[in-house]
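Student: I have not looked at this structure before. Could we go through it by question and answer?

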Amino acid sequence: VQLQASGGGLVLPGESLRLSCAASGSMLNINTMGWYRQAPGKKRELVAIITSGASTNYADSVKGRFTISRVYAKNTVYLQMNSLKPEDTAVYYCNAEVWGIEYWGKGTQVTVSS
C-alpha cells in the first residue's frame, strides 16, 4: 500500500489549507485513514482519523478548526484546516490501516507563520 500526500505549504495565521492523501495498491481493504503530525522536537501525534463507517475523532487542539473527510471509492482522505495557528506547524503524515497493518505516507510540511 502506498500513500501519497499533498497540499502542504506556507500560510499566514488564520488562513486555510487542504491536505489530500490517496492510497494505492492491490487488495485494498482500508479500515481507518487519518492524519498525524510531528513538530520539531516533539512526538508524532494524532490529528484526526476517520473509520470505514465514517466515524471521526479529532485531537482537542484542532476540534472546530479541522475537518477530515474521505472518498471511499477513491481511497482518498482529506484534511481541511481552517483558522491555522503557528502551533499547527509540523510535518503532516497520512496513515491507513489495512488488514490490521498500518501504513504511512512520507509527510507534507505545513508552516504557519507571519
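**A first look at the chain**

Student: Is Y36 buried or exposed?
Tutor: Buried means under 20% relative accessible area, exposed means over 50%, and partly exposed lies in between (1.4 Å probe, protein chains only). The relative accessible area of Y36 is 19%. Because 19% is under the 20% limit, Y36 counts as buried.

Student: What kind of model is this?
Tutor: Residues are numbered from 1 along each chain as its sequence is written, and side-chain values use heavy atoms, with hydrogens and water left out. Local features need pLDDT of at least 70 and side-chain atom pairs count only at pLDDT 80 or more, whereas totals for chains, interfaces and linings use all residues, since the model is predicted.

Student: How many helices and strands are there in the protein chain?
Tutor: Helices (H or I, at least four residues) and strands (E, at least two) are DSSP runs, numbered from the N terminus. Read along the sequence, the pattern is β-β-β-β-β-β-β-β-β-β-β. The count is zero helices and 11 strands.

Student: What is the radius of gyration of the protein chain?
Tutor: The radius is taken over C-alpha atoms, and the globule rule is 2.2 Å times the number of residues to the power 0.38. For 114 residues that rule gives 13 Å, and the chain is close to it, so it is as compact as a globular protein of that length. The C-alpha atoms fill a box of roughly 45 × 25 × 20 Å along the principal axes. The radius of gyration of the chain is 13 Å.

Student: What is the strand order in the open sheet of four strands?
Tutor: Two strands pair if DSSP finds at least two bridges between them. The edge strands, which pair on one side only, are β1 (2–6) and β7 (66–71). The pairing in this sheet is antiparallel, and the order is β1-β3-β8-β7.

Student: Over how many bridges do β7 and β8 pair?
Tutor: In the antiparallel pairing of β7 with β8 (residues 76–81), F66 stands opposite M81 and V71 stands opposite T76. On the side of β3, which pairs with β8 in the antiparallel sense over six bridges, C21 stands opposite V77. For β7 and β8 the number of bridges is six.

Student: Why is β8 described as largely enclosed by the rest of the structure?
Tutor: Of the 114 residues of the chain, 39% count as buried. Strand β8 is largely enclosed because, of its six residues, the number buried is five.

Student: Which residue forms an aromatic pair with Y36?
Tutor: Rings of Phe, Tyr and Trp (its six-membered ring) pair if their centres lie within 6.5 Å; planes under 30 degrees apart count as stacked, over 60 as edge-to-face and the rest as tilted. Here the centres are 5.0 Å apart and the planes make 70 degrees, so the pair is edge-to-face. It links Y36 in β4 (residues 30–38) with a residue of β10 (residues 101–104), 68 residues apart. The partner is W104.

Student: Which charged residue sits over the ring of W104?
Tutor: A charge sits over a ring if NZ of Lys or CZ of Arg is within 6 Å of the ring centre and within 35 degrees of the ring normal. Elsewhere, the charged end of R18 sits over the ring of Y78, 4.1 Å from its centre. W104 is partly exposed at 37%, and 4.6 Å from its ring centre lies the charged end of R44.

Student: What phi does N75 take in the hairpin of β7 and β8?
Tutor: Most residues other than glycine have a negative phi. This hairpin has four residues between the strands, and N75, in that loop, is partly exposed at 22%. W99, in the loop between β9 and β10, also has a positive phi near 50 degrees. The phi of N75 is positive, near 50 degrees.
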